[in-house]
Amino acid sequence: MIEFENVTKKYRGSVTALSGISLRIREKGVYCLLGRNGAGKTTFMRVLAGRIPVSSGGAYINGKKIDVLDSPVNVAYIETAKNQFNMKIADLIKFSRGINGGFDESFALEIAESFGLDLNKKYNSLSFGTKTMVTTMLALSSNKDVVLLDEPVLGFDPITRRRFYRLLRERYGNSRGIAIVSTHLIDEIADYADKLIIIDGGKTVLYDDVKRATEKNGETLGELFERLTGGKDCGHDGKFIYGKGYTGESYER
Amino acid sequence: MKDNNGRTKNSKFRQIRTVAAVNFKRATPVAYVLSGLCAIAMIADIVIDKVTGKTGNSSLAPYCMLYLVCVLSPVLISCVNYGKFINIGVNKKTFFYACALNYAVYAAVISFIATVERFTADTLLGNGYNVYGIIDAFGWDGNFAAAYFSQFGFLLLVQAVVHTLAFMQNNAYGWVADILIVVIISVFTPVRALRQAEIFFFNLVLFLPNVWARTGICVLLSAAVYATNLIYLKKRR
């Protein structure tokens with residue numbers, strides 16, 4: 001369904017954000033995208049959402065190359081909680097419905113109620129955490145095949161985070177589509193994600209089932225992450241570690 | 001319309017219309033208020049002069065203030081609204097077409113209001129009081145249709161140019177475009193042969209005797225200038 005074929009992305013010709021990433025994501029479920037600051041997670045999502053062009057290689061969704069002018073209709077990605085129209089939440093939901101016919105308005109209202117959102121409040125009057133809730137709600141309600149969530153629980157209190165993870169699991173854990181969640185809250189997401197992608201220095205260093213990856217050496221996800229991205233003495237030799245889920249064969253288009 | 005998974009798909013036009021509607025309501029109200037206030041101030045000035053019996057005065061026609069909408073809206077739409085649309089998931093092409101729809105509507109509506117004012121209120125004021133506007137300055141006052149379509153083409157071109165320049169400002173292209181414009185004005189104008197080229201251009205878009213040819217040229221030029229946005233849209237986040 002999603003394929004990255006030797007994708008490289010450079011900014012201003014010299015800063016390499018992604019370096020020859022080759023990855024195939026076929027199974028539906030919740031994917032956890034981990035990486036240290038500056039590893040390339042956001043660039044990965046931007047490429048997948050068709051926001052930015054790649055410098056070389058190709059990114060495909062369902063066999064079709066991602067076009068930045070006509071970005072994939074089946075990918076939802078709300079990048080930041082800061083840059084939104086100062087509308088009432090109810091109006092933002094209606095607007096989302098207007099640009100995306102598949103938008104699940106009833107689910108959006110359900111999430112709003114579950115998170116205690118006042119639909120008549122204007123966006124700019126909300127706290128940062130509440131703004132993140134609204135953008136996460138809009139993304140989850142988009143009903144698209146691929147949902148990209150970049151730090152979706154930033155500013156959430158622990159109880160609200162748990163509620164979000166359960167909602168994510170209910171929505172995307174059962175074959176609705178692919179949800180890729182980028183977060184630094186590694187040990188929390190471990191309980192809710194099916195698969196794991198770790199990016200370091202613009203390259204993928206791990207792509208595997210969460211359980212298989214952690215049970216191999218009896219590590220927590222945090223320990224595994226630190227071992228793979230911690231630095232020179234962490235035991236990671238820079239090679240891409242293939243999990244059983246990656247077949248390596250070419251994807252027919 | 002349903003997609004392969006049975007989910008409702010909005011038609012492309014519905015998406016474009018939704019985005020255009022938000023453009024009309026968001027950011028551009030600043031332009032509406034500003035031009036409205038200026039127009040009111042002008043009208044008040046004219047009314048006071050008439051009431052106090054002043055004759056021989058001249059004034060800028062209030063409809064000229066509506067043109068502020070055509071100058072401010074493209075700036076606000078491309079600089080303020082664009083990032084918000086893309087962030088919420090609007091397709092870049094949808095944004096491109098929606099803005100074109102916005103500018104066509106602005107040109108159509110403002111040209112209509114301006115022409116109606118020129119041929120009614122401004123004419124009624126007459127009798128020793130002169131109200132001048134762009135329609136008079138450029139000689140588009142032959143009849144209603146000539147004034148309307150000339151303005152429509154001109155306003156469309158203005159908006160296309162302003163949008164394109166504003167949209168590329170945070171990139172090297174923007175700087176190059178700005179420098180090019182300054183060079184053209186400062187180098188072409190004093191040099192006679194080059195000045196002729198400038199005169200030719202302005203004759204084409206403003207003073208061509210045939211209103212249909214003039215309007216057609218403006219519309220084509222607007223489309224060509226606006227289409228260049230597609231190049232930059234690819235790179236802009």
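A residue counts as buried if 20 or more other C-beta atoms lie within 10 Å of its own. Keep that cut-off in mind for this tour. The model on your screen is predicted.

**Stop 1: the whole of chain A**

Select chain A. Of its 253 residues, 43% are buried. Colour by secondary structure and look for eight helices and 11 strands.

How much of the contact in chain A, at a separation of 6 or more, comes from residues 24 or more positions apart? The share is 69%.

**Stop 2: an open sheet**

Stay in chain A and pick out β1, β2, β4 and β5. These four strands form an open sheet. Read across it in the order β2-β1-β4-β5. The pairing is antiparallel.

Which strands sit at the edges? Select residues 15-25 for β2 and residues 64-65 for β5 of chain A. Each of these edge strands pairs on one side only.

Next, select residues 56-61 of chain A, which make up strand β4. Two bridges join β4 to β5(A), and the two strands run antiparallel. Zoom in on Tyr60(A). Opposite Tyr60(A) stands Lys65(A), in β5(A).

**Stop 3: Asp200(A)**

Move to residues 195-200 of chain A. This is strand β9, and Asp200(A) is in it. Is Asp200(A) buried or exposed? Asp200(A) counts as buried, because it has 20 C-beta neighbours inside 10 Å.

Show what surrounds Asp200(A). Leaving aside neighbours within four places in sequence, its contacts include Gly35(A), Arg36(A) and Ala39(A). Val205(A), Leu228(A) and Thr229(A) are also among them.

Now draw a distance from Asp200(A) to Ala17(A). The two lie 183 residues apart along the chain, yet their C-alpha atoms are separated by 9.9 Å.

**Stop 4: the largest nonpolar core**

The largest nonpolar core has 116 residues. Select Tyr31(A), Leu148(A), Ala179(A), Val181(A) and Ala193(A), which touch the most other members. Then go to chain B and select helix α7, residues 144-167. This helix gives the most to the core, with 11 residues.

Terms used:
Residues are numbered from 1 along each chain as its sequence is written. Chains are lettered from A and ligands numbered from 1 in the order in which they are written. This is a predicted model: local features need pLDDT of at least 70, side-chain atom pairs count only at pLDDT 80 or more; totals for chains, interfaces and linings use all residues. Two strands pair if DSSP finds at least two bridges between them. A residue is buried if 20 or more other C-beta atoms lie within 10 Å of its own, exposed if 12 or fewer, and partly exposed in between; C-beta atoms are placed from the backbone. Two residues are in contact if their C-beta atoms, placed from the backbone, lie within 7 Å. A nonpolar core is a set of buried Ala, Val, Leu, Ile, Met, Phe, Trp, Tyr and Cys residues joined through C-beta atoms within 7 Å.
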